[in-house]
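User: I am new to this structure. Please take me through a few of its contacts, one question at a time.

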Amino acid sequence: MVGAGLTVLSCARELHSQGHQVTIVESRAEIGHPQDKPGLVSGQIDLSEFAPQIYLTDNGCRRPWLAKSMAQKLPITYLLRTQASTIDSNFDRIIDTTSSS
């Protein structure tokens, strides 16, 4: 999977729970960097399992904190500081959430 935003992390979590091996390729050096997509996450999702790490409030939590916490809990492979164009194609499927096509 290309990109390490909340969408990819959520999808990776679901795929992993179904028994798939997942690799996330991220061009940045860190998942959940504070300058990356600031803002709050809130809504109809249960974030209680991440509450100790993300400072969950009645208004939600900061996106970067949730992304970092999710990444730390997922036992999958992360390729940081890696451009998707540089990886070989030995994967069954490539899901690129960064592409507009």
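**A salt bridge and a helix pair**

Analyst: E30 has a relative accessibility of 31%, so E30 counts as partly exposed. This comes from a predicted model.

User: Which residue forms a salt bridge with E30?

Analyst: Side chains of opposite charge can pair when their charged atoms come close. Here the closest N and O atoms are 2.3 Å apart, and the cut-off is 4 Å. The partner of E30 is K68.

User: How many residues apart in sequence are the parts that this pair ties together?

Analyst: E30 lies in the loop between β1 (23–26) and β2 (40–41). K68 lies in helix α3. The pair therefore ties together parts whose separation in sequence is 38 residues.

User: Is K68 buried, partly exposed or exposed?

Analyst: Buried means under 20% and exposed means over 50%. K68 has 28% relative accessibility, so it counts as partly exposed.

User: How are α1 and α3 oriented to each other?

Analyst: The axes of α1 (residues 6–17) and α3 come within 10 Å. They cross at roughly 30 degrees. Angles under 35 degrees count as roughly parallel. Therefore α1 and α3 are roughly parallel.

User: How many nonpolar residues does the contact of α1 with α3 have?

Analyst: From α1 come L6, L9, S10 and R13. They meet R63, L66, A67, M70 and A71 in α3. By class, one residue is polar and two are charged. The nonpolar residues number six.

User: What distance separates the C-alpha atoms of W65 and G32?

Analyst: W65 is found in helix α3 (residues 63–73). W65 and G32 are 33 residues apart along the chain. Their C-alpha atoms are separated by 6.0 Å.

Conventions:
Residues numbered from 1 in each chain as written. Predicted model: local features only at pLDDT ≥ 70, side-chain atom pairs only at ≥ 80, totals over all residues. Heavy atoms only, no water. Helix = DSSP H or I, 4+ residues; strand = E, 2+ residues; numbered from the N terminus. Axes fitted to C-alpha atoms, helices over the stretch in contact; angles between N-to-C directions. Parallel < 35°, antiparallel > 145°, perpendicular 65-115°, else oblique. Contact = heavy atoms within 4.5 Å. Nonpolar A, V, L, I, M, F, W, Y, C, P; charged D, E, K, R; others polar. Salt bridge = Lys/Arg side-chain N within 4 Å of Asp/Glu carboxyl O. Buried < 20%, exposed > 50% of the residue type's maximum accessible area, 1.4 Å probe, protein only.
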